[in-house]
Amino acid sequence: MADLTRDDVAHLAGLARIDLSDAELDRMVGELGVILEAVATVQQAPIADVEPMSHPMPIVNVTRPDVVRPSLTPEEALAGAPEAEQQRFSVPRILDEE
Amino acid sequence: MTTDLTRATAAELADLLGAGATSSREVTQALLDRTAAVDGAVHSYLHVDADGALAAADDIDRRRAAGESLHALAGVPIAVKDVLTTRGLPTTCGSRILEGWVPPYDATLVTRLRAAGLPILGKTNMDEFAMGSSTEHSAYGPSRNPWDLERIPGGSGGGSSSVVASFQAPLAIGTDTGGSIRQPAAVTGTVGCKPTYGGVSRYGLVALASSLDQAGPCSRTVLDSALLHEVIGGHDPMDSTSIDAPVPPVVEAARRADVAGMRIGIVKELTGEGFQAGVQARFDEAVQHLVDAGAEVVEVSCPSFTYALAAYYLILPSEASSNLAKFDAMRYGLRVAPDGVDAPSAEQVMAATRDAGFGDEVKRRIILGTYALSSGYYDAYYGSAQKVRRLIADDFAKAFESADVLVSPTAPTTAFRLGDKLDDPMAMYLNDIATIPANLAGIPGLSVPSGLADEDGLPAGFQVLAPAMADDRLYSVGAALEARLTAVWGGPILGRAPELTEVSR
């Protein structure tokens, strides 16, 4: 297993959309290294030919009757919004300028 | 009347209310007064809703006076962990990113509490998004252990454990993803149960790891947990993983407290080495009590448990990194603009918000999960962990062929000091070594006090595990042990905790 570098952590933080400061990156490289070493022991378990288990119960598709039922009003849905406008969530620009 | 309403159990309060010996308002007010007196020191609550609780109490008193047929627990107040949505009451999950958020809907289990007439006293403190074993990762400061205010009340549900241990509420709701109900119960001398996965609806439970999370009861007695379990359990069409079957007969099991002929399996891998001497000693005595009550002891081995912690700390961060992606600063919660950027993009705002709004532990786990799920590493990490998860479930299935329940100490140690493990994430994770396997397999578990450790005089917990949907067995064993130990102690274990009003003065 390759060690996690500071650049790796910066890349992962970018993927996770967390704008880590330099100090946070420095600290997290060391901490994540220790944790990764510990969790990598799963690879030493006798897991060849074992069926992966993603959930405690057998997953089945669950549906409900396709009927209208009460739901949030627009006011309720927007009540927690950082910004709202014309009964919509107001968001920063989503496209780059170039 | 001489009964101290704050010390009464939920079952006792239900009887008093039913007999007209007290009112829900009187009980609720007594608990709110207790909170005013001690919560400055304990910090169980993130939010107290005195007006709402008293209004709900008055409503129940009115309906009782009018002769309406009410639920047995109607009028008995409860505290709810801040990870469950409550309409009109703030829900922060212990995080800055949700500071001030007031959900527009109730979690299903909150709906059931309200329908049964339990006044909601407030929302309890927790590690941020339930990530932690001490409440030290709460963005709003830690809760404290009523047995020693310099020590942790366990986590993530340290607000719910300390609120019942400090007599601010007879009942509380917790959630358990890797031990967050059971470990806090163990270190505070209280009772907590993680039901079978799917036994209690997760609708409105802000998800940490969807395949592991389960809400359950916290209380001071086994019967009280069973009574609450019955209220919140059962099928919910709003949760696709909810089990469509009746709640196991938990109350009947707690009342009968019968373990005669039951086969109790001691899990070899969850005793001995790594467990504090006083914790192990109380465990051994507890097993003997169960034998005296007619149970039979067998030893079982679950070799894959050695890998459980590692598998858990891959599966949980993977699911958490996905679940917490919804905190994007767009629809609710915090929004922070990045420094020195004119007209920032939505992505930049999201990244700045998540840096400002999440604490260190949450960031660590999100990044770890992002790594474990990333292309090229998926098979080595997340994939391997899922295979270990299967081995653990298989180990349980095999163990339950020779035992009706499995037992172990709940946590390896008694409560540690605040700050002791804060800078060492791996040391913090080890607190959950005995509780994690149950979450991975989806089986139910309960922690009941086993006594005080000799070396520090602090509470230790006894864990009982049962096959899926056999939650009633937990209550049989827990109640049988509780009855015998309470007789030996000459009263409830919390009677030996220091007087808080004295401590906080």
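I began with B:E285, which I found in helix α9 of chain B, the helix that covers residues 277-292. The model I am reading is a predicted one, and I keep that in mind for each entry below. With 16 other C-beta atoms within 10 Å, B:E285 is partly exposed, because a residue needs 20 or more such neighbours to count as buried and 12 or fewer to count as exposed. I then looked up B:S450, which stands 165 residues away from B:E285 along the chain, and found that the C-alpha atoms of the two are separated by 8.2 Å.

**Entry on chain B as a whole**

I next listed the secondary structure of chain B, which has 17 helices and 11 strands. The radius of gyration of chain B is 22 Å, close to the 23 Å that the globule rule gives for 505 residues, so chain B is as compact as a globular protein of that length. I noted also that its C-alpha atoms fill a box of roughly 65 × 55 × 45 Å along the principal axes. Of the 505 residues in chain B, 65% are buried. When I took the contacts in chain B between residues at least 6 apart in sequence, I found that 76% of them join residues at least 24 apart.

**Entry on chain A as a whole**

I turned to chain A, whose secondary structure comes to three helices and two strands, and whose elements run α-α-α-β-β from the N terminus on. The radius of gyration here is 23 Å, well over the 13 Å that the globule rule gives for 98 residues, so chain A is more spread out than a compact globule. Its C-alpha trace spans about 55 × 45 × 25 Å along the principal axes. I noted that 18% of the 98 residues of chain A count as buried.

**Entry on where the chains touch**

Which helix of chain B gives the most to the side that touches chain A? I first wrote down that 58 residues of chain B are in contact with 44 residues of chain A. The helices of chain B that each supply at least two residues of this side are α10 (308-323), α11 (346-357), α12, α13 (379-402) and α14 (425-429). The helix that gives the most is α13(B), with 11 residues. By class, I found 35 nonpolar, 13 polar and 10 charged residues on the side of chain B that touches chain A.

I then followed one pair of helices across the two chains, namely α2 (residues 22-39) of chain A and α12 (residues 360-372) of chain B, whose axes come within 11 Å and cross at roughly 60°. The helices α2(A) and α12(B) are therefore oblique to each other, and their crossing is right-handed. On the side of α2(A) the contact is made by A:M28, A:E31, A:L32 and A:I35, and on the side of α12(B) by B:R364, B:I367 and B:L368. Sorting the residues of this contact by class, I found five nonpolar, no polar and two charged.

**Entry on a helix pair inside chain B**

For a pair within one chain, I looked up α7 (residues 222-232) and α16 (residues 471-489) of chain B, whose axes come within 9 Å and cross at roughly 155°. Angles over 145 degrees count as roughly antiparallel, and α7(B) and α16(B) are therefore roughly antiparallel to each other. In this contact B:V222, B:L223 and B:A226 of α7(B) meet B:Y475, B:G478, B:A479 and B:E482 of α16(B). The residues of the contact divide into five nonpolar, one polar and one charged.

**Entry on the backbone**

Before looking at single residues, I reminded myself that most residues other than glycine have a negative phi, and that most peptide bonds are trans. Where does B:A130 lie? I found B:A130 in the loop between β3 and α5 of chain B, with a positive phi near 70°. Having 29 C-beta neighbours inside 10 Å, B:A130 counts as buried.

The loop between β3 (120-124) and α5 (158-165) of chain B is also the place of B:S156, and the peptide bond from B:G155 to B:S156 is cis, with omega near 5°.

Although B:A329 is not a glycine, it has a positive phi of about 70°. Is B:A329 buried or exposed? With 24 other C-beta atoms within 10 Å, B:A329 is buried.

Note on methods. Residues numbered from 1 in each chain as written. Chains lettered and ligands numbered in written order. Predicted model: local features only at pLDDT ≥ 70, side-chain atom pairs only at ≥ 80, totals over all residues. Helix = DSSP H or I, 4+ residues; strand = E, 2+ residues; numbered from the N terminus. Rg over C-alpha atoms; globule rule 2.2 N^0.38 Å. Contact = placed C-beta atoms within 7 Å. Axes fitted to C-alpha atoms, helices over the stretch in contact; angles between N-to-C directions. Parallel < 35°, antiparallel > 145°, perpendicular 65-115°, else oblique. Left-handed = near helix turned anticlockwise from the far one by under 90°. Nonpolar A, V, L, I, M, F, W, Y, C, P; charged D, E, K, R; others polar.
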